[in-house]
Amino acid sequence: MSDGIRDRAAVVTGSTKGIGLAIAEDLLRGGARVMISARRQGEVETVGRRLLEANAGRVAWRACDVRREDQVEALFRGADEAFGGLDILVNNAGVGLHRNLEETTLEEWNQVLETNVTGVFLCSRAAIPRMRKRGGGYIVNISSLAGKNTFPGATAYNASKFALNGMSEALLQEIRHDGIRVSYVMPGSVNTGFGSGEGPDPSQAWKLTAGDIARVVVDLLRHDPRSLPSAVEIRPSRPPRKG
Ligand SMILES: NC(=O)c1ccc[n+]([C@@H]2O[C@H](COP(=O)([O-])OP(=O)(O)OC[C@H]3O[C@@H](n4cnc5c(N)ncnc54)[C@H](OP(=O)(O)O)[C@@H]3O)[C@@H](O)[C@H]2O)c1
(Lines give C-alpha, C1' and ligand atoms only; values in the text may rest on other atoms or scores of the structure.)
Protein backbone atom coordinates (compact mmCIF):
# COMPACT_ATOMS: atom_id res chain seq x y z
CA MET A 1 0.00 0.00 0.00
CA SER A 2 1.25 3.50 -0.83
CA ASP A 3 2.57 5.67 1.99
CA GLY A 4 1.44 8.79 0.09
CA ILE A 5 4.97 9.71 -0.99
CA ARG A 6 6.87 6.75 -2.53
CA ASP A 7 6.76 6.86 -6.35
CA ARG A 8 4.47 9.89 -6.27
CA ALA A 9 5.15 12.76 -8.66
CA ALA A 10 5.48 16.15 -6.97
CA VAL A 11 5.93 19.77 -7.99
CA VAL A 12 7.39 22.04 -5.28
CA THR A 13 7.44 25.74 -6.17
CA GLY A 14 10.27 27.89 -4.82
CA SER A 15 12.38 24.80 -4.12
CA THR A 16 15.92 26.12 -4.64
CA LYS A 17 16.35 27.19 -1.02
CA GLY A 18 14.72 27.51 2.38
CA ILE A 19 11.49 25.67 3.15
CA GLY A 20 10.84 24.55 -0.44
CA LEU A 21 14.27 22.93 -0.75
CA ALA A 22 13.81 21.12 2.59
CA ILE A 23 10.41 19.83 1.42
CA ALA A 24 11.88 18.64 -1.90
CA GLU A 25 14.72 16.85 -0.08
CA ASP A 26 12.32 15.13 2.35
CA LEU A 27 10.04 14.03 -0.50
CA LEU A 28 13.04 12.55 -2.31
CA ARG A 29 14.14 10.77 0.88
CA GLY A 30 10.64 9.29 0.99
CA GLY A 31 10.98 7.96 -2.57
CA ALA A 32 8.96 10.57 -4.48
CA ARG A 33 9.84 12.07 -7.86
CA VAL A 34 10.22 15.83 -7.59
CA MET A 35 10.16 18.78 -9.98
CA ILE A 36 12.40 21.58 -8.67
CA SER A 37 11.50 25.14 -9.64
CA ALA A 38 12.04 28.81 -8.86
CA ARG A 39 12.66 31.93 -10.93
CA ARG A 40 16.46 31.85 -11.19
CA GLN A 41 17.50 29.44 -13.92
CA GLY A 42 21.08 29.06 -12.65
CA GLU A 43 20.00 28.13 -9.11
CA VAL A 44 17.30 25.79 -10.41
CA GLU A 45 19.87 23.93 -12.48
CA THR A 46 22.49 23.78 -9.73
CA VAL A 47 20.02 22.44 -7.16
CA GLY A 48 18.37 20.09 -9.66
CA ARG A 49 21.69 18.55 -10.71
CA ARG A 50 22.85 18.17 -7.10
CA LEU A 51 19.65 16.41 -6.07
CA LEU A 52 19.67 14.21 -9.17
CA GLU A 53 23.12 12.84 -8.23
CA ALA A 54 21.68 11.18 -5.13
CA ASN A 55 18.27 10.41 -6.62
CA ALA A 56 18.82 9.11 -10.15
CA GLY A 57 15.77 9.31 -12.40
CA ARG A 58 13.63 11.02 -9.76
CA VAL A 59 14.50 14.71 -10.16
CA ALA A 60 13.53 17.15 -12.89
CA TRP A 61 13.82 20.93 -12.92
CA ARG A 62 12.48 23.95 -14.72
CA ALA A 63 12.67 27.68 -14.05
CA CYS A 64 9.22 29.14 -13.39
CA ASP A 65 7.93 32.43 -12.06
CA VAL A 66 4.61 31.43 -10.51
CA ARG A 67 3.17 34.84 -11.45
CA ARG A 68 3.45 33.99 -15.16
CA GLU A 69 0.66 31.86 -16.60
CA ASP A 70 2.77 30.71 -19.58
CA GLN A 71 5.65 29.65 -17.31
CA VAL A 72 3.31 27.81 -14.93
CA GLU A 73 1.74 25.90 -17.82
CA ALA A 74 5.22 24.96 -19.09
CA LEU A 75 6.20 23.80 -15.59
CA PHE A 76 3.28 21.37 -15.38
CA ARG A 77 3.85 20.15 -18.94
CA GLY A 78 7.41 19.50 -17.77
CA ALA A 79 6.07 17.34 -14.93
CA ASP A 80 3.92 15.42 -17.44
CA GLU A 81 6.97 14.79 -19.61
CA ALA A 82 9.29 13.85 -16.74
CA PHE A 83 6.89 11.88 -14.53
CA GLY A 84 3.84 11.09 -16.67
CA GLY A 85 1.50 13.12 -14.44
CA LEU A 86 1.16 14.68 -11.01
CA ASP A 87 0.10 13.56 -7.53
CA ILE A 88 1.43 16.27 -5.18
CA LEU A 89 1.68 20.05 -5.46
CA VAL A 90 3.39 22.07 -2.75
CA ASN A 91 2.65 25.77 -3.27
CA ASN A 92 5.62 27.12 -1.36
CA ALA A 93 7.00 30.03 -3.44
CA GLY A 94 6.34 33.23 -1.56
CA VAL A 95 7.75 36.66 -0.83
CA GLY A 96 7.49 38.91 2.23
CA LEU A 97 7.48 42.67 2.68
CA HIS A 98 8.13 44.72 5.80
CA ARG A 99 6.37 47.93 4.90
CA ASN A 100 3.51 50.04 6.25
CA LEU A 101 0.66 50.27 3.77
CA GLU A 102 1.25 54.00 3.32
CA GLU A 103 4.82 53.40 2.17
CA THR A 104 4.03 50.40 -0.05
CA THR A 105 4.32 51.02 -3.78
CA LEU A 106 1.82 49.47 -6.16
CA GLU A 107 4.65 47.42 -7.63
CA GLU A 108 5.55 45.97 -4.20
CA TRP A 109 1.88 45.28 -3.43
CA ASN A 110 1.44 43.49 -6.75
CA GLN A 111 4.62 41.46 -6.28
CA VAL A 112 3.42 40.10 -2.92
CA LEU A 113 -0.18 39.43 -3.96
CA GLU A 114 0.74 38.01 -7.37
CA THR A 115 3.35 35.64 -5.94
CA ASN A 116 1.57 34.54 -2.78
CA VAL A 117 -2.00 34.38 -4.12
CA THR A 118 -2.14 34.48 -7.93
CA GLY A 119 0.79 32.04 -8.15
CA VAL A 120 -1.07 29.54 -5.98
CA PHE A 121 -4.19 30.01 -8.11
CA LEU A 122 -2.29 29.40 -11.36
CA CYS A 123 -0.38 26.35 -10.08
CA SER A 124 -3.44 24.78 -8.42
CA ARG A 125 -5.54 25.32 -11.54
CA ALA A 126 -2.88 23.56 -13.62
CA ALA A 127 -2.53 20.73 -11.10
CA ILE A 128 -6.19 19.81 -10.50
CA PRO A 129 -7.06 18.20 -13.87
CA ARG A 130 -3.78 16.25 -13.76
CA MET A 131 -4.57 14.94 -10.27
CA ARG A 132 -8.13 14.11 -11.28
CA LYS A 133 -6.71 11.94 -14.09
CA ARG A 134 -4.77 9.99 -11.45
CA GLY A 135 -7.88 9.56 -9.29
CA GLY A 136 -6.69 11.98 -6.60
CA GLY A 137 -3.85 14.02 -5.22
CA TYR A 138 -2.72 16.43 -2.55
CA ILE A 139 -2.19 20.21 -2.63
CA VAL A 140 -0.27 21.67 0.31
CA ASN A 141 -0.12 25.44 0.57
CA ILE A 142 2.64 27.02 2.64
CA SER A 143 0.90 29.94 4.27
CA SER A 144 2.00 31.67 7.49
CA LEU A 145 0.75 32.65 10.92
CA ALA A 146 0.50 36.01 9.12
CA GLY A 147 -2.57 34.45 7.49
CA LYS A 148 -4.27 34.42 10.87
CA ASN A 149 -2.57 37.05 13.04
CA THR A 150 -2.11 40.65 11.94
CA PHE A 151 1.28 42.36 12.02
CA PRO A 152 1.35 46.15 11.61
CA GLY A 153 4.10 46.86 9.09
CA ALA A 154 3.24 43.78 7.03
CA THR A 155 -0.10 44.74 5.47
CA ALA A 156 0.53 43.36 1.97
CA TYR A 157 1.97 40.13 3.38
CA ASN A 158 -0.96 39.81 5.82
CA ALA A 159 -3.44 40.41 3.00
CA SER A 160 -1.78 37.76 0.83
CA LYS A 161 -1.67 35.04 3.48
CA PHE A 162 -5.21 35.72 4.76
CA ALA A 163 -6.31 35.36 1.13
CA LEU A 164 -4.34 32.15 0.77
CA ASN A 165 -6.01 30.62 3.83
CA GLY A 166 -9.47 31.50 2.50
CA MET A 167 -8.62 30.18 -0.94
CA SER A 168 -7.30 26.92 0.57
CA GLU A 169 -10.50 26.33 2.57
CA ALA A 170 -12.78 27.03 -0.40
CA LEU A 171 -10.68 24.87 -2.73
CA LEU A 172 -10.71 22.01 -0.23
CA GLN A 173 -14.50 21.91 -0.55
CA GLU A 174 -14.44 22.23 -4.34
CA ILE A 175 -12.25 19.19 -4.99
CA ARG A 176 -12.50 16.89 -1.96
CA HIS A 177 -14.92 14.54 -3.77
CA ASP A 178 -12.37 14.09 -6.56
CA GLY A 179 -10.05 12.56 -3.99
CA ILE A 180 -7.87 15.68 -3.99
CA ARG A 181 -6.97 16.94 -0.54
CA VAL A 182 -5.95 20.50 0.31
CA SER A 183 -4.10 21.58 3.45
CA TYR A 184 -2.42 24.78 4.45
CA VAL A 185 0.49 25.12 6.84
CA MET A 186 0.96 28.27 8.91
CA PRO A 187 4.53 28.54 10.20
CA GLY A 188 5.72 31.20 12.60
CA SER A 189 9.32 32.44 12.23
CA VAL A 190 11.51 30.06 10.24
CA ASN A 191 15.28 30.53 10.05
CA THR A 192 15.70 30.70 6.27
CA GLY A 193 16.89 34.18 5.35
CA PHE A 194 13.41 34.60 3.79
CA GLY A 195 13.79 36.73 0.66
CA SER A 196 17.40 37.75 1.40
CA GLY A 197 18.96 34.67 -0.16
CA GLU A 198 21.43 34.59 2.72
CA GLY A 199 20.32 31.36 4.38
CA PRO A 200 19.89 30.59 8.08
CA ASP A 201 21.29 33.01 10.67
CA PRO A 202 23.13 31.09 13.45
CA SER A 203 22.15 33.78 15.99
CA GLN A 204 18.44 32.95 15.38
CA ALA A 205 18.56 29.36 16.59
CA TRP A 206 15.29 29.80 18.53
CA LYS A 207 13.41 29.92 15.23
CA LEU A 208 11.92 26.92 13.45
CA THR A 209 14.09 25.28 10.79
CA ALA A 210 13.06 24.65 7.19
CA GLY A 211 13.25 20.95 8.10
CA ASP A 212 10.58 21.44 10.80
CA ILE A 213 8.15 22.63 8.13
CA ALA A 214 9.15 19.87 5.70
CA ARG A 215 8.38 17.33 8.41
CA VAL A 216 4.84 18.71 8.75
CA VAL A 217 4.33 18.46 4.98
CA VAL A 218 5.57 14.87 4.86
CA ASP A 219 3.34 13.97 7.83
CA LEU A 220 0.31 15.46 6.04
CA LEU A 221 1.02 13.48 2.88
CA ARG A 222 1.31 10.28 4.90
CA HIS A 223 -2.12 10.65 6.49
CA ASP A 224 -4.57 7.97 5.47
CA PRO A 225 -6.64 9.18 2.47
CA ARG A 226 -9.64 9.01 4.81
CA SER A 227 -8.35 11.88 6.93
CA LEU A 228 -7.53 15.49 6.16
CA PRO A 229 -5.72 17.71 8.65
CA SER A 230 -6.75 20.81 6.75
CA ALA A 231 -4.77 23.50 8.59
CA VAL A 232 -1.64 23.25 10.70
CA GLU A 233 -0.10 25.96 12.86
CA ILE A 234 3.51 25.55 13.84
CA ARG A 235 5.49 28.04 15.89
CA PRO A 236 8.82 28.23 17.72
CA SER A 237 8.30 26.73 21.16
CA ARG A 238 10.51 29.25 22.95
CA PRO A 239 10.69 32.60 21.13
CA PRO A 240 12.45 35.51 22.88
CA ARG A 241 10.25 36.95 25.67
CA LYS A 242 8.53 40.21 24.71
CA GLY A 243 9.23 43.39 26.75
N1 LIG B 1 10.82 32.14 6.63
C2 LIG B 1 9.78 32.37 7.41
O3 LIG B 1 9.90 32.87 8.56
C4 LIG B 1 8.39 31.97 6.96
C5 LIG B 1 7.37 31.95 7.92
C6 LIG B 1 6.07 31.60 7.53
C7 LIG B 1 5.82 31.29 6.21
N8 LIG B 1 6.83 31.33 5.30
C9 LIG B 1 6.47 31.02 3.90
O10 LIG B 1 7.27 29.93 3.44
C11 LIG B 1 7.48 30.04 2.03
C12 LIG B 1 8.96 29.87 1.74
O13 LIG B 1 9.68 30.83 2.47
P14 LIG B 1 11.26 30.70 2.74
O15 LIG B 1 11.52 31.33 4.07
O16 LIG B 1 11.73 29.35 2.46
O17 LIG B 1 11.79 31.74 1.61
P18 LIG B 1 13.18 31.82 0.80
O19 LIG B 1 14.28 31.17 1.55
O20 LIG B 1 13.30 33.26 0.41
O21 LIG B 1 12.87 30.95 -0.51
C22 LIG B 1 11.86 31.35 -1.39
C23 LIG B 1 11.87 30.45 -2.62
O24 LIG B 1 10.81 30.88 -3.50
C25 LIG B 1 11.34 31.24 -4.77
N26 LIG B 1 10.49 32.29 -5.32
C27 LIG B 1 10.30 33.56 -4.90
N28 LIG B 1 9.46 34.21 -5.70
C29 LIG B 1 9.09 33.33 -6.66
C30 LIG B 1 8.23 33.40 -7.79
N31 LIG B 1 7.59 34.53 -8.13
N32 LIG B 1 8.08 32.29 -8.55
C33 LIG B 1 8.72 31.14 -8.24
N34 LIG B 1 9.55 31.02 -7.20
C35 LIG B 1 9.72 32.10 -6.42
C36 LIG B 1 12.80 31.63 -4.49
O37 LIG B 1 13.67 31.49 -5.61
P38 LIG B 1 13.81 32.67 -6.72
O39 LIG B 1 14.05 33.94 -5.96
O40 LIG B 1 14.96 32.24 -7.57
O41 LIG B 1 12.53 32.67 -7.45
C42 LIG B 1 13.15 30.58 -3.44
O43 LIG B 1 13.42 29.34 -4.06
C44 LIG B 1 6.86 31.37 1.61
O45 LIG B 1 5.58 31.16 1.06
C46 LIG B 1 6.74 32.14 2.93
O47 LIG B 1 5.69 33.09 2.91
C48 LIG B 1 8.10 31.67 5.63
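**View 1. Strand S5 and its partner S6.** Six bridges tie S5 to strand S6 (residues 180–187), and the two run parallel. Strands count as paired if DSSP finds at least two bridges between them. Look for tyrosine 138: its bridge partner in S6 is arginine 181. To get from S5 to S6 the chain goes through helix H5 (residues 155–175), a right-handed β-α-β crossover. Right-handed means that, with the strands pointing away from the viewer, the path from the first strand over the helix to the second runs clockwise. A word on the model: it is predicted, so local features need pLDDT of at least 70 and side-chain atom pairs count only at pLDDT 80 or more, while totals for chains, interfaces and linings use all residues. Residue numbers start from 1 along each chain as its sequence is written.

View 2. Strand S4 (residues 88–91) and strand S5 (residues 137–142) run parallel, joined by four bridges.

View 3. Seven strands make an open, parallel sheet, ordered S3-S2-S1-S4-S5-S6-S7. At the edges are strand S3 (59–61) and strand S7 (231–234), each pairing on one side only. From one strand to the next the twist averages 15°. Helix H2 (residues 41–54) packs on the sheet against strand S2 (33–36) and S3, its direction making about 170° with that of S3. Helix H3 (residues 69–83) packs there too, touching strand S1 (9–12), S2 and S3, at about 150° to S1. Angles run from 0 to 180 degrees between N-to-C directions, with axes fitted to C-alpha atoms (for helices, over the stretch in contact).

**View 4. Around the ligand.** The shell has 31 residues, the closest being Gly14, Gly18, Ala38, Arg39 and Gly94; a residue is near if its C-beta atom, placed from the backbone, lies within 6 Å. Helix H1 (18–29) and helix H4 (106–134) each give two or more residues, and H1 supplies the largest share, three residues. Ten shell residues are nonpolar, 15 polar and six charged. Here Ala, Val, Leu, Ile, Met, Phe, Trp, Tyr, Cys and Pro count as nonpolar, Asp, Glu, Lys and Arg as charged, and the others, Gly among them, as polar.

View 5. Valine 217, in helix H6 (residues 210–222), is buried because 26 other C-beta atoms lie within 10 Å. Beyond its neighbours within four places in sequence, valine 217 is in contact with Ile23, Val90, Val140 and Val185 (contact means C-beta atoms, placed from the backbone, within 7 Å). Serine 2, in the segment before S1, is exposed because 11 other C-beta atoms lie within 10 Å.

Definitions and conventions:
Two residues are in contact if their C-beta atoms, placed from the backbone, lie within 7 Å. A residue is buried if 20 or more other C-beta atoms lie within 10 Å of its own, exposed if 12 or fewer, and partly exposed in between; C-beta atoms are placed from the backbone.
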